[in-house]
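Here is a short tour of a protein structure for you to follow on screen. Have a look at the picture first, then read on.

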Amino acid sequence: MPGLRIRAAEPRDLAFLVTAIRESERVPADGRTMYEAIFAMTTAEVERFLGETLRTGPADWGLSLERFLVAERAGTPVGACAAWVEAAHGVPSGHLAAIAISRFLGGTRWRASGARVRALASSAPHRSAGALQLESFYTAPEARGLGVSARLIAQAIAHAMAGPGGPPIAEIGLLVENDAAARAYAKAGFAPAWRTAAPNPAFREATGSVGFVQLRRALP
Amino acid sequence: MPDTLDRLQPIFREVLENPGLTVDRASSARTVEGWDSLAHVNLIAAVEEAFGVRFALGELEEMQCVGDLVDTIARKRGG
């Protein structure tokens with residue numbers, strides 16, 4: 001795509017990234033984000049949580065500013081994704097995410113969402129330690145159909161493979177209902193490797209989704 | 001007085017609901033059954049309460065195993 005530039009995210013991208021993550025986390029049931037559907041956050045809380053976590057959260061998971069790539073055209077951000085190596089320092093990203101969310105909510109609200117959190121945990125794929133994780137893909141409406149995701153994926157892989165001992169595989173987890181996104185990832189070499197075996201009723205009630213599919217591809 | 005690792009044993013057994021569990025310094029989420037993200041939150045909360053400490057997110061990011069947890073508790077308690 002002419003004029004498209006992929007670069008590392010910067011603090012000036014924070015507002016755009018909050019929008020990008022919110023859009024990428026919408027659930028089929030009612031268009032709310034996973035944060036609202038599972039953790040009962042308000043829309044304002046989702047924005048505050050994402051903004052705070054992007055600035056100050058753990059670096060070893062997908063909600064850290066330094067893990068994001070931004071696609072821009074004529075100086076305007078039009079796409080983004082997060083990319084990180086899972087458990088690079090030994091701690092699974094899901095553990096860090098759970099801690100960050102529980103700290104934000106406080107113990108009472110975290111425990112109150114326990115059944116939905118367990119439903120999410122039982123539905124979500126296991127991220128392979130040492131694998132490149134790609135998540136929070138977003139393309140602005142005016143840039144759709146132009147291959148933004150493919151460019152982001154290519155850049156994320158190139159960056160991950162630049163040093164010695166690059167990850168052997170890359171993984172993308174997404175809701176089963178995101179057919180269009182899955183087709184775009186298939187063009188980039190990703191194939192289904194895992195799928196939620198049995199839809200969890202509580203997860204389905206909260207999100208309208210039957211679960212996740214995990215896509216995988218080998219890296220050169 | 002029991003050392004830190006001894007004091008952690010009942011916490012791990014209760015949170016992970018495994019009365020026969022014994023962890024050592026090398027134990028980690030990869031080696032201990034049931035130590036998932038939900039258990040991790042509960043473990044950290046229980047350890048913070050038992051030892052009267054509060055971990056920063058950056059510290060939690062660096063705790064790969066029980067040994068790291070023991071060392072971080074000691075450091076935060078001035079030991």
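## A pair of buried rings

Let's begin inside chain A of this predicted model. Phe203(A) and Phe212(A) are both buried. Their rings form a tilted aromatic pair, with 5.6 Å from centre to centre and 35° between the planes.

Over all chains, the count comes to eight aromatic pairs. One of them is formed by Phe39(A) and Trp110(A), which are stacked: their centres are 6.2 Å apart and their planes make an angle of 15°. Phe39(A) belongs to helix 2 (residues 34-39) of chain A and Trp110(A) to helix 5 (residues 107-112) of chain A, so this pair ties together parts that lie 71 residues apart in sequence.

Are these two residues buried or exposed? Phe39(A) is buried, and Trp110(A) is buried too.

## A charge over a ring

Now hop over to chain B. Here Arg7(B) lies over the face of Phe51(B), 4.2 Å from the ring centre.

## The sheet in chain A

Back in chain A, seven strands make an open sheet with mixed pairing, in the order 1-2-3-4-5-7-6. Strand 1 (4-8) and strand 6 (191-195) of chain A are at the edges with a single partner strand each, so one side of each has no neighbour in the sheet. From one strand to the next, the twist averages 30°.

What is the sense of the pairing between strand 1 and strand 2 of chain A? Strand 1 pairs with strand 2 (residues 68-73) of chain A in the antiparallel sense, over five bridges. Look for Ile6(A), whose bridge partner in strand 2 of chain A is Ala71(A).

Conventions: Residues are numbered from 1 along each chain as its sequence is written. Chains are lettered from A and ligands numbered from 1 in the order in which they are written. This is a predicted model: local features need pLDDT of at least 70, side-chain atom pairs count only at pLDDT 80 or more; totals for chains, interfaces and linings use all residues. Side-chain values use heavy atoms; hydrogens and water are left out. Rings of Phe, Tyr and Trp (its six-membered ring) pair if their centres lie within 6.5 Å; planes under 30 degrees apart count as stacked, over 60 as edge-to-face and the rest as tilted. Helices (H or I, at least four residues) and strands (E, at least two) are DSSP runs, numbered from the N terminus. Buried means under 20% relative accessible area, exposed over 50%, partly exposed in between (1.4 Å probe, protein chains only). A charge sits over a ring if NZ of Lys or CZ of Arg is within 6 Å of the ring centre and within 35 degrees of the ring normal. Two strands pair if DSSP finds at least two bridges between them. Axes are lines fitted to C-alpha atoms, for helices over the stretch in contact, and angles run from 0 to 180 degrees between N-to-C directions.
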